[in-house]
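Thank you all for making time this morning. I would like to walk through one model with you, and I ask that you keep the sequence and the structure in view while I talk.

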Amino acid sequence: MLKPPALAASFAGSLRDCRSGVAFLEFAFALPVLLALGLLGLETANYAMANLRVSNIAMLTADNAARVRDSIDEGDITDLMTGAKMTGTNINFAQNGRIILTDLEPTSTGGKQWVRWQRCDGALNYTSPNSALRPLNATGAAITNGTEIYGTDRTTVSTAPSSETKATMTSFGTGTNVISAAAGTAVMVVEVAYNYQPVIPNSFLAGRQITYTSAFNVRQRTDQSLHNINRVTPKSCSTFAA
């Protein structure tokens with residue numbers, strides 16, 4: 001029978017030579033690193049998908065607005081905006097995003113570009129950095145309540161409609177990446193902004209704002225005025241709602 005000192009020495013030796021828990025200990029040490037890398041990859045992938053979704057919203061809205069033939073109506077704008085917001089349902093775009101659709105045309109005298117009308121949708125209180133890309137009345141005041149063509153009753157002609165006399169732009173964009181509408185047509189310019197919603201609390205991507213701009217030339221539409229046959233409430237840029 002082993003005496004206590006010998007028994008203790010024997011147990012210490014067997015414990016020293018034991019390898020049965022090595023894998024478990026290695027996993028315990030590696031788990032925080034693996035978890036951090038996994039969450040980092042998940043957040044990065046989600047951010048990339050959000051960028052793709054916002055980019056698609058901008059492109060689809062501009063393209064669909066440019067495809068409306070003959071003439072365009074407030075009802076068409078409502079349908080376009082609704083479809084765009086539904087595209088962003090998975091990222092809660094309607095509650096955290098903003099779409100700004102602008103009709104850009106050449107002035108009748110040529111040489112300048114002016115905004116005939118502009119419509120917005122989404123709950124995000126976002127102001128476009130493109131301050132020149134706004135409809136202005138004859139006094140130079142910006143029109144944000146949807147009265148560029150019709151008054152607030154959506155029936156009578158506006159008393160302060162959008163005017164091309166205050167046009168200052170020769171093109172839209174910066175550097176070599178500029179666009180302008182040709183005579184007899186228009187360009188649908190769409191600006192989209194979205195406050196990114198992270199999937200991980202305290203994410204390193206929290207607070208990021210994603211913005212994209214897209215533009216398409218109008219096809220087969222010669223009447224660029226925005227009609228309102230059914231007296232639809234305009235998607236004015238002074239309203240912020242999902």
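This is a predicted model: local features need pLDDT of at least 70, side-chain atom pairs count only at pLDDT 80 or more; totals for chains, interfaces and linings use all residues.

Ser108 is exposed, with a relative accessible area of 64%, where exposed means over 50%, buried means under 20%, and partly exposed covers what is in between, using a 1.4 Å probe and protein chains only. Ser108 sits in the loop between strand 2 and strand 3, and from Ser108 to Ala206 the C-alpha to C-alpha distance is 46 Å, for a separation of 98 residues in sequence. When I speak of elements, helices (H or I, at least four residues) and strands (E, at least two) are DSSP runs, numbered from the N terminus.

Residues are numbered from 1 along each chain as its sequence is written, and side-chain values use heavy atoms, with hydrogens and water left out.

Four strands form an open sheet with antiparallel pairing, in the order 3-2-6-7, and two strands are taken to pair if DSSP finds at least two bridges between them. Strand 3 (113-121) and strand 7 (209-217) are the edge strands, each pairing on one side only. From one strand to the next the twist averages 15 degrees, with axes being lines fitted to C-alpha atoms, for helices over the stretch in contact, and angles running from 0 to 180 degrees between N-to-C directions. Within the sheet, strand 2 (residues 97-106) and strand 6 (residues 187-195) are joined in the antiparallel sense over eight bridges, and Ile99 has Val192 in strand 6 as its bridge partner. Helix 3 (residues 74-87) packs on the sheet, where it touches strand 2 and strand 3, and its direction makes about 55 degrees with that of strand 3; contact here means heavy atoms within 4.5 Å.

Which residues touch the most other members of the largest nonpolar core? Of its 29 residues, they are Ile77, Ile99, Leu101, Trp117, Met188, Val192 and Tyr194, a nonpolar core being a set of buried Ala, Val, Leu, Ile, Met, Phe, Trp, Tyr and Cys residues joined through side-chain atoms within 4.5 Å. Helix 2 (22-67), helix 3, strand 2 and strand 6 are the elements that give two or more residues to this core, and helix 2 gives the most, with seven residues. Another core lies apart from it, with eight residues that include Val115, Phe172, Val187 and Val189. Returning to Ile99, its contacts, not counting residues up to four places away in sequence, include Ile57, Met81, Phe93, Cys120 and Val190.

Cys120 brings us to the disulfide. By the rule that a disulfide is a pair of cysteine sulfur atoms within 2.5 Å, the count comes to one, formed by Cys120 and Cys237 with their sulfur atoms 1.9 Å apart. The torsion about the S-S bond of Cys120 and Cys237 is about 80 degrees, so this disulfide is right-handed. Because Cys120 lies in strand 3 and Cys237 in the segment after strand 8, the pair ties together parts that are 117 residues apart in sequence. Both ends are buried, Cys120 at 4% relative accessibility and Cys237 with a relative accessible area of 15%.

Lys85 lies in helix 3 and is buried, with a relative accessible area of 13%. What does the side chain of Lys85 reach? It reaches the backbone oxygen of Ala242 at 2.8 Å, and, leaving aside neighbours within four places in sequence, Lys85 is also in contact with residues including Phe93, Asp121 and Lys235. Asp63, in helix 2, is likewise buried, with a relative accessible area of 13%, and it touches Phe216 and Arg219, again not counting residues up to four places away in sequence.

Finally, a word on the backbone. Most residues other than glycine have a negative phi. Asn202, however, has a positive phi of about 55 degrees although it is not a glycine; Asn202 is found in the loop between strand 6 and strand 7 and is exposed, with a relative accessible area of 82%. Arg231, which is not a glycine either, also has a positive phi of about 55 degrees, and its place is in the segment after strand 8 (226-227).

Note on methods
A polar contact is a pair of N or O atoms within 3.5 Å; within protein, one must be able to donate a hydrogen and the other to accept it, and residues adjacent in sequence count only if both atoms are side-chain atoms.
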